[in-house]
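Please open the structure in your viewer and keep the selection tool at hand.

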Amino acid sequence: MTEISTAAAEIANRVEAFVRETVVPFEKDPRLGSHGPSDELAAELRDLARSQGVLCPHIRDDGTHFSHLETALILRKSGLSPLGPIACHVMAPDEGNMYLLGKVGSDAIKQRFLKPLVAGEGRSAFFMTEPAKDGGAGSDPSLMQTTCKRDGNHWVISGRKAFITGADGAQVGIVMAKSIEPDSEGGACLFLVDLPDPAIQTERVLDTIDNSMPGGHAVITIDNLRVPADQMLGEAGEGFKYAQIRLAPARLTHCMRWLGLAIRAQEIASDYACRRTAFGKQLIDHEGVGFMLAQNRIDLQACELMVDWCARVLDTGDLGTTESSMAKTFVAETLFQIADRCVQSMGGTGVSGDTIVEQLFREVRAFRIYDGPTEVHKWSLAKKIKREWREHQADA
Ligand SMILES: Cc1cc2nc3c(=O)[nH]c(=O)nc-3n(C[C@H](O)[C@H](O)[C@H](O)COP(=O)(O)OP(=O)(O)OC[C@H]3O[C@@H](n4cnc5c(N)ncnc54)[C@H](O)[C@@H]3O)c2cc1C
(Lines give C-alpha, C1' and ligand atoms only; values in the text may rest on other atoms or scores of the structure.)
Protein backbone atom coordinates (compact mmCIF):
# COMPACT_ATOMS: atom_id res chain seq x y z
CA MET A 1 0.00 0.00 0.00
CA THR A 2 1.43 3.39 -1.00
CA GLU A 3 1.40 6.15 1.57
CA ILE A 4 2.28 9.84 1.74
CA SER A 5 6.02 10.56 1.63
CA THR A 6 7.55 13.41 3.61
CA ALA A 7 8.36 15.18 0.32
CA ALA A 8 4.72 15.00 -0.82
CA ALA A 9 3.41 16.17 2.55
CA GLU A 10 5.86 19.05 2.50
CA ILE A 11 4.88 20.21 -1.00
CA ALA A 12 1.17 19.85 -0.11
CA ASN A 13 1.73 22.21 2.83
CA ARG A 14 3.50 24.69 0.57
CA VAL A 15 0.67 24.51 -1.97
CA GLU A 16 -1.90 25.17 0.77
CA ALA A 17 0.03 28.17 2.10
CA PHE A 18 0.51 29.51 -1.45
CA VAL A 19 -3.18 29.16 -2.33
CA ARG A 20 -4.49 30.64 0.92
CA GLU A 21 -2.03 33.53 1.16
CA THR A 22 -1.18 34.40 -2.45
CA VAL A 23 -4.00 33.11 -4.69
CA VAL A 24 -7.15 33.82 -2.65
CA PRO A 25 -6.63 37.63 -2.87
CA PHE A 26 -7.02 37.31 -6.67
CA GLU A 27 -10.54 35.85 -6.38
CA LYS A 28 -12.11 39.28 -7.02
CA ASP A 29 -9.72 40.19 -9.82
CA PRO A 30 -11.57 41.98 -12.65
CA ARG A 31 -9.79 39.75 -15.18
CA LEU A 32 -12.11 36.91 -14.12
CA GLY A 33 -14.85 36.68 -16.73
CA SER A 34 -17.78 34.48 -17.62
CA HIS A 35 -15.43 32.38 -19.80
CA GLY A 36 -12.89 31.91 -17.03
CA PRO A 37 -9.83 33.87 -15.94
CA SER A 38 -8.04 35.77 -18.71
CA ASP A 39 -4.76 34.38 -20.02
CA GLU A 40 -3.00 37.41 -18.58
CA LEU A 41 -4.27 36.60 -15.10
CA ALA A 42 -3.48 32.88 -15.53
CA ALA A 43 0.09 33.70 -16.61
CA GLU A 44 0.57 36.07 -13.65
CA LEU A 45 -0.63 33.37 -11.25
CA ARG A 46 1.60 30.73 -12.84
CA ASP A 47 4.60 33.08 -12.47
CA LEU A 48 3.80 33.43 -8.77
CA ALA A 49 3.56 29.64 -8.42
CA ARG A 50 6.85 29.21 -10.26
CA SER A 51 8.59 31.71 -7.97
CA GLN A 52 7.31 29.82 -4.91
CA GLY A 53 8.25 26.38 -6.30
CA VAL A 54 4.67 25.09 -6.58
CA LEU A 55 4.18 24.99 -10.38
CA CYS A 56 3.09 21.43 -11.35
CA PRO A 57 3.69 20.46 -7.71
CA HIS A 58 2.65 16.81 -8.27
CA ILE A 59 5.66 16.34 -10.60
CA ARG A 60 9.05 15.94 -8.93
CA ASP A 61 12.12 17.86 -10.11
CA ASP A 62 13.37 14.77 -12.01
CA GLY A 63 10.12 14.68 -14.06
CA THR A 64 8.57 11.70 -12.24
CA HIS A 65 5.11 11.95 -10.72
CA PHE A 66 4.22 11.59 -7.08
CA SER A 67 1.88 8.63 -6.54
CA HIS A 68 -1.83 9.09 -7.24
CA LEU A 69 -2.46 9.02 -3.48
CA GLU A 70 0.11 11.77 -2.93
CA THR A 71 -1.30 13.69 -5.89
CA ALA A 72 -4.72 13.51 -4.21
CA LEU A 73 -3.38 15.39 -1.21
CA ILE A 74 -1.47 17.97 -3.28
CA LEU A 75 -4.31 18.69 -5.71
CA ARG A 76 -6.87 18.90 -2.91
CA LYS A 77 -4.78 21.73 -1.45
CA SER A 78 -4.53 23.43 -4.86
CA GLY A 79 -8.33 23.36 -5.06
CA LEU A 80 -8.83 25.51 -1.95
CA SER A 81 -9.39 28.39 -4.38
CA PRO A 82 -10.97 28.10 -7.85
CA LEU A 83 -7.81 29.87 -9.08
CA GLY A 84 -5.40 27.54 -7.23
CA PRO A 85 -5.27 24.79 -9.88
CA ILE A 86 -4.73 27.41 -12.61
CA ALA A 87 -1.89 29.01 -10.66
CA CYS A 88 -0.28 25.64 -9.89
CA HIS A 89 -0.95 24.52 -13.49
CA VAL A 90 -2.84 21.39 -12.45
CA MET A 91 -6.19 22.40 -13.95
CA ALA A 92 -8.16 20.45 -16.54
CA PRO A 93 -7.65 19.85 -19.37
CA ASP A 94 -3.89 20.51 -19.10
CA GLU A 95 -3.25 18.15 -16.21
CA GLY A 96 -4.93 15.21 -17.99
CA ASN A 97 -3.31 16.09 -21.30
CA MET A 98 0.16 16.18 -19.73
CA TYR A 99 -0.52 12.81 -18.09
CA LEU A 100 -1.54 11.30 -21.45
CA LEU A 101 1.48 12.69 -23.32
CA GLY A 102 3.76 11.39 -20.57
CA LYS A 103 2.24 7.91 -20.90
CA VAL A 104 1.82 7.55 -24.67
CA GLY A 105 3.92 10.26 -26.37
CA SER A 106 7.09 9.39 -28.31
CA ASP A 107 10.32 11.04 -27.15
CA ALA A 108 9.94 13.62 -29.94
CA ILE A 109 6.35 14.42 -28.93
CA LYS A 110 7.34 14.74 -25.27
CA GLN A 111 10.19 17.06 -26.15
CA ARG A 112 8.14 19.28 -28.46
CA PHE A 113 4.69 19.32 -26.83
CA LEU A 114 4.96 18.06 -23.24
CA LYS A 115 8.05 19.94 -22.09
CA PRO A 116 6.65 23.46 -22.66
CA LEU A 117 3.33 22.44 -21.09
CA VAL A 118 5.00 21.17 -17.93
CA ALA A 119 7.03 24.38 -17.82
CA GLY A 120 3.72 26.29 -17.79
CA GLU A 121 4.53 28.00 -21.07
CA GLY A 122 1.06 27.55 -22.53
CA ARG A 123 -2.28 25.79 -22.42
CA SER A 124 -3.70 22.75 -24.18
CA ALA A 125 -7.14 21.45 -25.16
CA PHE A 126 -8.65 18.01 -25.71
CA PHE A 127 -10.99 17.82 -28.74
CA MET A 128 -13.33 14.85 -28.43
CA THR A 129 -16.99 15.87 -27.98
CA GLU A 130 -19.04 16.97 -31.01
CA PRO A 131 -22.22 19.04 -31.34
CA ALA A 132 -25.33 17.14 -30.20
CA LYS A 133 -27.28 18.81 -33.02
CA ASP A 134 -25.02 17.03 -35.55
CA GLY A 135 -25.61 13.67 -33.80
CA GLY A 136 -21.90 13.53 -32.95
CA ALA A 137 -19.84 12.05 -30.11
CA GLY A 138 -20.97 12.91 -26.57
CA SER A 139 -21.78 10.37 -23.88
CA ASP A 140 -21.39 7.84 -26.69
CA PRO A 141 -17.96 8.46 -28.29
CA SER A 142 -18.65 5.82 -30.98
CA LEU A 143 -20.88 8.44 -32.68
CA MET A 144 -17.71 10.31 -33.69
CA GLN A 145 -18.14 12.11 -37.00
CA THR A 146 -14.86 13.99 -37.32
CA THR A 147 -12.78 12.04 -39.83
CA CYS A 148 -9.10 11.66 -40.65
CA LYS A 149 -7.57 10.27 -43.80
CA ARG A 150 -3.98 9.81 -44.91
CA ASP A 151 -2.44 12.00 -47.57
CA GLY A 152 1.25 11.15 -48.10
CA ASN A 153 3.16 12.07 -44.93
CA HIS A 154 0.15 13.85 -43.47
CA TRP A 155 -3.29 13.13 -42.09
CA VAL A 156 -6.19 15.37 -43.07
CA ILE A 157 -8.86 16.01 -40.41
CA SER A 158 -12.34 17.52 -40.87
CA GLY A 159 -15.33 17.87 -38.57
CA ARG A 160 -16.90 19.89 -35.77
CA LYS A 161 -16.26 19.77 -32.03
CA ALA A 162 -18.16 21.17 -29.03
CA PHE A 163 -17.48 22.02 -25.37
CA ILE A 164 -13.73 22.10 -26.03
CA THR A 165 -12.36 23.57 -22.80
CA GLY A 166 -9.62 26.10 -23.28
CA ALA A 167 -9.46 25.74 -27.08
CA ASP A 168 -9.65 29.49 -27.38
CA GLY A 169 -6.13 30.66 -26.58
CA ALA A 170 -4.48 27.21 -26.34
CA GLN A 171 -1.09 26.48 -27.91
CA VAL A 172 -1.51 22.68 -28.14
CA GLY A 173 -4.51 20.60 -29.18
CA ILE A 174 -5.10 16.86 -28.87
CA VAL A 175 -7.67 16.11 -31.56
CA MET A 176 -9.66 12.90 -31.83
CA ALA A 177 -10.95 11.77 -35.23
CA LYS A 178 -12.32 8.59 -36.79
CA SER A 179 -10.06 7.02 -39.41
CA ILE A 180 -11.49 6.38 -42.87
CA GLU A 181 -8.35 4.53 -43.97
CA PRO A 182 -8.94 0.85 -44.90
CA ASP A 183 -6.30 -0.49 -42.44
CA SER A 184 -7.78 1.37 -39.43
CA GLU A 185 -11.32 2.13 -40.64
CA GLY A 186 -13.69 3.37 -37.95
CA GLY A 187 -10.95 3.38 -35.31
CA ALA A 188 -10.22 6.57 -33.42
CA CYS A 189 -6.90 8.40 -33.83
CA LEU A 190 -5.37 11.12 -31.65
CA PHE A 191 -3.24 13.92 -33.08
CA LEU A 192 -1.01 16.58 -31.55
CA VAL A 193 -1.70 19.93 -33.17
CA ASP A 194 -0.01 23.32 -32.89
CA LEU A 195 -2.52 26.07 -32.18
CA PRO A 196 -3.69 28.41 -33.52
CA ASP A 197 -4.09 26.90 -37.00
CA PRO A 198 -6.21 28.54 -39.71
CA ALA A 199 -7.91 25.18 -40.36
CA ILE A 200 -9.26 25.20 -36.76
CA GLN A 201 -11.80 27.95 -36.22
CA THR A 202 -13.71 28.84 -33.06
CA GLU A 203 -17.37 29.23 -34.05
CA ARG A 204 -18.26 30.55 -30.60
CA VAL A 205 -17.39 30.17 -26.93
CA LEU A 206 -20.44 28.79 -25.12
CA ASP A 207 -22.07 30.59 -22.20
CA THR A 208 -22.02 27.90 -19.52
CA ILE A 209 -22.90 27.68 -15.83
CA ASP A 210 -19.24 27.37 -14.77
CA ASN A 211 -16.40 29.86 -15.25
CA SER A 212 -13.23 28.45 -13.71
CA MET A 213 -11.35 27.33 -16.80
CA PRO A 214 -9.38 29.75 -19.00
CA GLY A 215 -10.76 30.04 -22.54
CA GLY A 216 -14.21 28.67 -21.59
CA HIS A 217 -15.74 25.90 -23.71
CA ALA A 218 -15.77 26.35 -27.48
CA VAL A 219 -17.60 25.06 -30.53
CA ILE A 220 -15.00 24.44 -33.21
CA THR A 221 -14.89 23.79 -36.96
CA ILE A 222 -11.98 21.76 -38.30
CA ASP A 223 -11.68 22.15 -42.05
CA ASN A 224 -9.07 20.03 -43.84
CA LEU A 225 -6.49 20.34 -41.08
CA ARG A 226 -3.18 18.81 -42.26
CA VAL A 227 -1.16 17.14 -39.50
CA PRO A 228 2.26 15.49 -40.08
CA ALA A 229 1.96 11.71 -39.58
CA ASP A 230 4.58 11.74 -36.80
CA GLN A 231 2.24 13.94 -34.74
CA MET A 232 -0.18 11.06 -34.33
CA LEU A 233 -0.24 9.97 -30.69
CA GLY A 234 0.52 6.24 -30.58
CA GLU A 235 -1.02 3.96 -33.20
CA ALA A 236 -3.84 4.57 -35.70
CA GLY A 237 -7.18 3.19 -34.50
CA GLU A 238 -6.11 3.07 -30.83
CA GLY A 239 -7.48 6.52 -29.86
CA PHE A 240 -10.24 5.24 -27.57
CA LYS A 241 -7.72 3.04 -25.74
CA TYR A 242 -5.45 6.04 -25.15
CA ALA A 243 -8.42 8.18 -24.10
CA GLN A 244 -9.10 5.52 -21.45
CA ILE A 245 -5.55 5.93 -20.12
CA ARG A 246 -6.26 9.65 -19.68
CA LEU A 247 -9.79 9.16 -18.44
CA ALA A 248 -9.49 7.52 -15.02
CA PRO A 249 -6.74 9.77 -13.56
CA ALA A 250 -8.32 12.86 -15.16
CA ARG A 251 -11.70 12.04 -13.60
CA LEU A 252 -10.03 11.57 -10.26
CA THR A 253 -8.01 14.79 -10.37
CA HIS A 254 -11.27 16.68 -10.96
CA CYS A 255 -12.58 15.06 -7.78
CA MET A 256 -9.43 16.09 -5.90
CA ARG A 257 -9.61 19.76 -6.97
CA TRP A 258 -13.35 20.20 -6.41
CA LEU A 259 -13.07 18.46 -3.06
CA GLY A 260 -10.52 21.13 -2.07
CA LEU A 261 -12.96 23.88 -3.03
CA ALA A 262 -15.79 22.18 -1.12
CA ILE A 263 -13.58 22.06 2.00
CA ARG A 264 -13.07 25.83 1.68
CA ALA A 265 -16.81 26.40 1.09
CA GLN A 266 -17.55 24.44 4.25
CA GLU A 267 -15.08 26.64 6.18
CA ILE A 268 -16.84 29.76 4.87
CA ALA A 269 -20.33 28.44 5.61
CA SER A 270 -19.28 27.30 9.10
CA ASP A 271 -17.77 30.69 9.84
CA TYR A 272 -20.99 32.37 8.70
CA ALA A 273 -23.15 30.05 10.82
CA CYS A 274 -21.03 30.63 13.92
CA ARG A 275 -20.95 34.43 13.58
CA ARG A 276 -24.51 35.11 12.46
CA THR A 277 -27.38 35.09 14.91
CA ALA A 278 -31.11 34.68 14.30
CA PHE A 279 -33.95 34.30 16.78
CA GLY A 280 -31.65 34.79 19.75
CA LYS A 281 -28.86 32.33 18.97
CA GLN A 282 -26.07 31.54 16.55
CA LEU A 283 -27.25 29.89 13.34
CA ILE A 284 -25.10 26.82 14.06
CA ASP A 285 -27.18 26.25 17.20
CA HIS A 286 -30.34 25.98 15.11
CA GLU A 287 -30.51 22.30 14.33
CA GLY A 288 -31.57 23.00 10.72
CA VAL A 289 -28.24 24.70 10.03
CA GLY A 290 -26.03 22.74 12.43
CA PHE A 291 -27.17 19.43 10.96
CA MET A 292 -26.52 20.62 7.39
CA LEU A 293 -22.94 21.50 8.29
CA ALA A 294 -22.53 18.27 10.26
CA GLN A 295 -23.74 16.27 7.26
CA ASN A 296 -21.26 18.17 5.09
CA ARG A 297 -18.44 17.19 7.43
CA ILE A 298 -19.44 13.53 7.13
CA ASP A 299 -19.79 13.74 3.33
CA LEU A 300 -16.47 15.54 2.84
CA GLN A 301 -14.76 12.74 4.74
CA ALA A 302 -16.55 10.13 2.60
CA CYS A 303 -15.45 11.90 -0.61
CA GLU A 304 -11.85 11.99 0.60
CA LEU A 305 -11.94 8.27 1.37
CA MET A 306 -13.44 7.50 -2.04
CA VAL A 307 -10.75 9.51 -3.86
CA ASP A 308 -7.94 7.95 -1.81
CA TRP A 309 -9.34 4.44 -2.39
CA CYS A 310 -9.39 4.96 -6.16
CA ALA A 311 -5.94 6.61 -6.09
CA ARG A 312 -4.55 3.52 -4.34
CA VAL A 313 -6.05 1.33 -7.08
CA LEU A 314 -4.36 3.47 -9.76
CA ASP A 315 -1.11 3.23 -7.81
CA THR A 316 -1.14 -0.55 -8.33
CA GLY A 317 -0.90 0.08 -12.09
CA ASP A 318 -4.55 -0.88 -12.65
CA LEU A 319 -6.45 1.28 -15.17
CA GLY A 320 -9.06 1.82 -12.46
CA THR A 321 -11.88 2.25 -14.96
CA THR A 322 -14.65 0.96 -12.70
CA GLU A 323 -13.23 2.45 -9.53
CA SER A 324 -12.82 5.90 -11.09
CA SER A 325 -16.35 5.67 -12.45
CA MET A 326 -17.66 4.95 -8.95
CA ALA A 327 -15.51 7.63 -7.32
CA LYS A 328 -16.40 10.27 -9.92
CA THR A 329 -20.12 9.59 -9.61
CA PHE A 330 -20.09 9.59 -5.83
CA VAL A 331 -17.90 12.67 -5.47
CA ALA A 332 -19.70 14.78 -8.12
CA GLU A 333 -23.14 14.00 -6.68
CA THR A 334 -22.05 14.40 -3.06
CA LEU A 335 -20.15 17.65 -3.63
CA PHE A 336 -23.26 19.08 -5.28
CA GLN A 337 -25.26 18.34 -2.13
CA ILE A 338 -22.49 19.79 0.03
CA ALA A 339 -22.41 22.95 -2.08
CA ASP A 340 -26.19 23.26 -1.87
CA ARG A 341 -26.11 22.99 1.94
CA CYS A 342 -23.32 25.61 2.14
CA VAL A 343 -25.41 27.97 0.01
CA GLN A 344 -28.53 27.34 2.12
CA SER A 345 -26.70 27.85 5.43
CA MET A 346 -25.57 31.27 4.27
CA GLY A 347 -28.94 32.62 3.14
CA GLY A 348 -28.76 35.34 0.50
CA THR A 349 -24.99 35.66 0.88
CA GLY A 350 -24.74 32.04 -0.29
CA VAL A 351 -26.11 32.84 -3.74
CA SER A 352 -24.15 36.08 -4.10
CA GLY A 353 -20.76 36.45 -5.71
CA ASP A 354 -19.33 37.66 -2.37
CA THR A 355 -17.81 34.26 -1.62
CA ILE A 356 -16.66 31.25 -3.67
CA VAL A 357 -19.59 29.20 -2.29
CA GLU A 358 -21.91 30.04 -5.19
CA GLN A 359 -19.11 29.28 -7.66
CA LEU A 360 -18.61 25.83 -6.13
CA PHE A 361 -22.34 25.22 -6.60
CA ARG A 362 -22.12 26.14 -10.29
CA GLU A 363 -18.87 24.29 -10.95
CA VAL A 364 -19.96 20.99 -9.43
CA ARG A 365 -23.26 21.20 -11.31
CA ALA A 366 -21.24 21.04 -14.53
CA PHE A 367 -18.96 18.36 -13.05
CA ARG A 368 -21.96 16.01 -12.80
CA ILE A 369 -21.92 16.04 -16.63
CA TYR A 370 -18.31 16.23 -17.87
CA ASP A 371 -15.94 13.30 -17.60
CA GLY A 372 -19.04 11.14 -18.02
CA PRO A 373 -22.53 12.07 -16.80
CA THR A 374 -23.61 10.28 -13.61
CA GLU A 375 -26.18 8.20 -15.51
CA VAL A 376 -23.59 6.94 -18.00
CA HIS A 377 -21.33 5.77 -15.17
CA LYS A 378 -24.25 4.03 -13.46
CA TRP A 379 -25.38 2.47 -16.75
CA SER A 380 -21.92 1.07 -17.34
CA LEU A 381 -21.75 -0.24 -13.75
CA ALA A 382 -25.16 -1.90 -14.22
CA LYS A 383 -23.82 -3.60 -17.37
CA LYS A 384 -20.86 -4.88 -15.34
CA ILE A 385 -23.19 -6.22 -12.64
CA LYS A 386 -25.19 -8.07 -15.30
CA ARG A 387 -22.01 -9.47 -16.91
CA GLU A 388 -20.77 -10.73 -13.54
CA TRP A 389 -24.19 -12.30 -12.87
CA ARG A 390 -24.05 -14.10 -16.24
CA GLU A 391 -20.54 -15.38 -15.52
CA HIS A 392 -21.67 -16.56 -12.11
CA GLN A 393 -24.62 -18.41 -13.71
CA ALA A 394 -22.29 -20.08 -16.23
CA ASP A 395 -19.95 -21.23 -13.42
CA ALA A 396 -22.78 -22.55 -11.23
C1 LIG B 1 -18.07 22.25 -18.60
C2 LIG B 1 -17.80 21.18 -19.62
C3 LIG B 1 -16.50 21.01 -20.11
C4 LIG B 1 -16.26 20.06 -21.09
N5 LIG B 1 -14.98 19.96 -21.63
C6 LIG B 1 -14.75 19.10 -22.66
C7 LIG B 1 -13.47 19.05 -23.31
O8 LIG B 1 -12.54 19.78 -22.95
N9 LIG B 1 -13.30 18.20 -24.34
C10 LIG B 1 -14.30 17.38 -24.78
O11 LIG B 1 -14.07 16.63 -25.72
N12 LIG B 1 -15.53 17.40 -24.18
C13 LIG B 1 -15.78 18.24 -23.16
N14 LIG B 1 -17.03 18.29 -22.55
C15 LIG B 1 -18.10 17.48 -23.08
C16 LIG B 1 -18.55 16.35 -22.15
O17 LIG B 1 -17.60 15.34 -22.15
C18 LIG B 1 -19.93 15.93 -22.65
O19 LIG B 1 -20.85 16.98 -22.33
C20 LIG B 1 -20.39 14.63 -22.02
O21 LIG B 1 -19.63 13.55 -22.50
C22 LIG B 1 -21.88 14.36 -22.35
O23 LIG B 1 -22.12 14.43 -23.72
P24 LIG B 1 -23.32 15.33 -24.26
O25 LIG B 1 -23.20 16.69 -23.68
O26 LIG B 1 -23.32 15.23 -25.75
O27 LIG B 1 -24.61 14.69 -23.63
P28 LIG B 1 -25.54 13.55 -24.30
O29 LIG B 1 -24.68 12.47 -24.84
O30 LIG B 1 -26.49 14.22 -25.21
O31 LIG B 1 -26.30 12.99 -23.02
C32 LIG B 1 -27.32 13.76 -22.36
C33 LIG B 1 -27.74 13.06 -21.09
O34 LIG B 1 -28.30 11.79 -21.43
C35 LIG B 1 -28.10 10.88 -20.37
N36 LIG B 1 -27.48 9.64 -20.90
C37 LIG B 1 -26.63 9.49 -21.92
N38 LIG B 1 -26.27 8.21 -22.07
C39 LIG B 1 -26.93 7.52 -21.11
C40 LIG B 1 -26.99 6.16 -20.73
N41 LIG B 1 -26.27 5.22 -21.36
N42 LIG B 1 -27.79 5.82 -19.68
C43 LIG B 1 -28.49 6.75 -19.00
N44 LIG B 1 -28.47 8.05 -19.31
C45 LIG B 1 -27.71 8.43 -20.37
C46 LIG B 1 -27.21 11.58 -19.34
O47 LIG B 1 -28.02 12.08 -18.28
C48 LIG B 1 -26.62 12.75 -20.13
O49 LIG B 1 -26.31 13.85 -19.28
C50 LIG B 1 -17.29 19.24 -21.56
C51 LIG B 1 -18.59 19.40 -21.03
C52 LIG B 1 -18.84 20.36 -20.09
C53 LIG B 1 -20.26 20.51 -19.56
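The stops below lead from the whole chain to the core, the ligand and a few backbone details.

**The whole protein**

Begin with the complete model, which is predicted. Display it as a cartoon: twelve helices and eleven strands make up the secondary structure. Along its principal axes, the C-alpha trace spans about 80 × 60 × 45 Å. The protein has a radius of gyration of 22 Å, which agrees with the value near 21 Å that a compact globule of 396 residues would have. Of the 396 residues, 47% are buried.

**The nonpolar core**

Next, select Phe-191, Val-307, Val-331, Leu-335 and Ala-339; these have the most contacts inside the largest nonpolar core, which has 115 residues. Then colour helix H7, residues 239-275, which gives this core its largest share, 15 residues. Which residues does Leu-335 touch, not counting those up to four places away in sequence? They are Trp-258, Leu-259, Ala-262, Cys-303 and Val-364.

**The ligand**

Now centre the view on the ligand, which 21 residues surround. The closest are Met-128, Gly-138, Ser-139, Pro-373 and Glu-375. Strand E3 (124-127), strand E5 (154-165) and helix H12 (374-395) each supply at least two residues of this shell. Domain 2 (124-237) and domain 3 (240-391) each contribute at least three. By type, the shell residues divide into 13 nonpolar, six polar and two charged.

**Two cis peptide bonds**

Most peptide bonds are trans. Select Ala-92 and Pro-93, which are joined by a cis bond with omega about 0°. Pro-93 is in the loop between helix H4 (84-87) and helix H5 (94-104). Move on to Leu-195 and Pro-196, where another cis bond has omega about -5°. Pro-196 is in the loop between strand E7 (188-194) and strand E8 (200-205).

**Two positive phi angles**

Most residues other than glycine have a negative phi. Select Phe-279, whose phi is positive, near 55°. Phe-279 lies in the loop between strand E10 (277-278) and strand E11 (281-282). Is Phe-279 buried or exposed? Phe-279 counts as exposed because it has 7 C-beta neighbours inside 10 Å, and a residue with 12 or fewer is classed as exposed.

Finish at Asp-371, with a positive phi near 60°, in the loop between helix H11 (357-367) and H12. Asp-371 is buried, because 22 other C-beta atoms lie within 10 Å and the threshold is 20 or more.

How values were computed
Residues are numbered from 1 along each chain as its sequence is written. This is a predicted model: local features need pLDDT of at least 70, side-chain atom pairs count only at pLDDT 80 or more; totals for chains, interfaces and linings use all residues. A residue is near a molecule or strand if its C-beta atom, placed from the backbone, lies within 6 Å of it. Helices (H or I, at least four residues) and strands (E, at least two) are DSSP runs, numbered from the N terminus. Ala, Val, Leu, Ile, Met, Phe, Trp, Tyr, Cys and Pro count as nonpolar, Asp, Glu, Lys and Arg as charged, and the others, Gly among them, as polar. Domain bounds come from an automatic or database domain assignment. The radius of gyration is taken over C-alpha atoms; the globule rule is 2.2 Å times the number of residues to the power 0.38. A nonpolar core is a set of buried Ala, Val, Leu, Ile, Met, Phe, Trp, Tyr and Cys residues joined through C-beta atoms within 7 Å. Two residues are in contact if their C-beta atoms, placed from the backbone, lie within 7 Å.
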